[in-house]
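Hello,

Here is the structure for you to look through. My notes follow below it.

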Amino acid sequence: RASEIPSHPRDSLLLETGFLAVLVAPMHLLKWKSTSWRPHDGVTFWLVRWLLFRLMFSSGVVKLTSRCPTWWGLTALTYHYQSQCIPTPVAWFAHQLPSWFQKLSVVATYIIEVPIPILFFAPIRRLRLFAFYCQVLLQLLIILTGNYNFFNILTITLAFSLLDQEHLGGSGSPSKKKQSNAWPPSFFSLFSTLLELTTYGFLIYWTTQYFGLEINWEKKLLDSKVAFTYHEFTTWLGTVTLPLVGLGFLSLSWEILLALYRSLSVPGCCWKLWATLQWGIFTCATLGIFAISLVPFTSLDARSSGQLWPGLRQLFGAVERLQVVSSYGLFRRMTGLGGRPEVVLEGSLDGHSWTEIEFLYKPGNLSRAPPVVAPHQPRLDWQMWFAALDHHSSSPWFTSFVHRLLQGQEDVVALLEGGGSQYPFRARPPRYLRAQLYRYYFT
């Protein structure tokens, strides 16, 4: 049953996004003039950007705090493409890339997931656009090489919180466009351009220094290595965690004040009062969600977490079971270093002649290419990957699954049929079942 299969961070992300949708796009109690925009929309929509920041920043940080040797050695992607849950056909080609390029790809992942998310709150529009396209690029590459159901599409959807109407629809006012093309440029335009170039320069310098990037002219490749220690990284993390919370609060405060100004600018006393009342309600809700989200976010650093007000922990504990906010951090440790562990299930009617029971999506038959499954998430095939990573006692659902196959239960057998594949024991349930562990490798 679905209830017997444990939840996953991707489900937590879907739950949190769904809850935020209630605040971002609630039902209209009263319709007036324009139902497509409300003065407080910027406040609630900011929570989507905050969720995206927590998701990406945490995913980058945990790769280093886990002390996984493959992430620290920049070799994680050397194993990832063949060891991930359900690879795509493109994963085979990615696996063939040279090791120096795989290392450089890990460096790029770190840059996109750790420093660039800070730009989500940048006051300069072009920096936010730069951050948006970096996130979208990463998610598209993941979609090409791995089947992660709806997760990457959902992440791209969250990333749209970094855009504005002018960029999406090109509906900027002619006066603004004329002002941006004016010469000589204004002081603000010059300052923002200088700040933008400084940010890009800092990113390049930071990447070169802390990942030891240098061109190997003899081998004609780009060498890279982690040029900092675990202690240095955790010290940096402890230094920036609370300031990042402060940065988020400043960004939210600006949206709140801007929304209040818009509410007070609504024509008509009654509508002005109604807009201000809505602003107050949604601002309180947004501040509440932001406050309780600090508990899972600061869990990245124990010292920062210990400095939180105890009342926030009580509030978080009261809603934790609803998963209104969650902690994130995907691919904390890389698996499949000695080959991809894969459980192969076989059935028999007499205990002597065994027939392999193929799954619809997970690797099994060596002559079958990896499929493209996303955005569908085949829960059974997905959990078989987790079952192969540890002792069978860690996956108690697997025993129930085998039991139902021995009984020939229809709804369980149906999980193994479809797309032309036929369950070999459709006419008569197997009398014996055995599960063997293999090591799979890409050719």
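**What I found**

Val90 sits in helix H5 (residues 89-95). Helices here are DSSP runs of H or I with at least four residues, strands are E runs of at least two, and both are numbered from the N terminus. This is a predicted model: local features need pLDDT of at least 70, side-chain atom pairs count only at pLDDT 80 or more, and totals for chains, interfaces and linings use all residues. Residues are numbered from 1 along each chain as its sequence is written, and side-chain values use heavy atoms, with hydrogens and water left out.

Val90 is partly exposed because its relative accessibility is 37%. Buried means under 20% relative accessible area, exposed means over 50%, and partly exposed lies in between (1.4 Å probe, protein chains only).

Val90 also belongs to a nonpolar surface patch with Leu137, Leu141 and Leu144. Together they have about 350 Å² of accessible area, computed by the Shrake-Rupley method with a 1.4 Å probe. Patch residues have over 30% relative accessible area and no salt bridge, and nonpolar side chains are joined within 5 Å. A salt bridge is a Lys or Arg side-chain nitrogen within 4 Å of an Asp or Glu carboxyl oxygen. Helix H7 (residues 125-145) gives the largest share of the patch, three residues.

Now His80. This residue is in helix H4 (residues 76-83). His80 is buried because its relative accessibility is 9%. Leaving out residues up to four places away in sequence, His80 touches Tyr148, Phe331 and Met334. Contact means heavy atoms within 4.5 Å.

Best wishes

How values were computed:
Patch = residues over 30% accessible without salt bridge, like charges linked within 9 Å, V, L, I, M, F, W, Y side chains within 5 Å.
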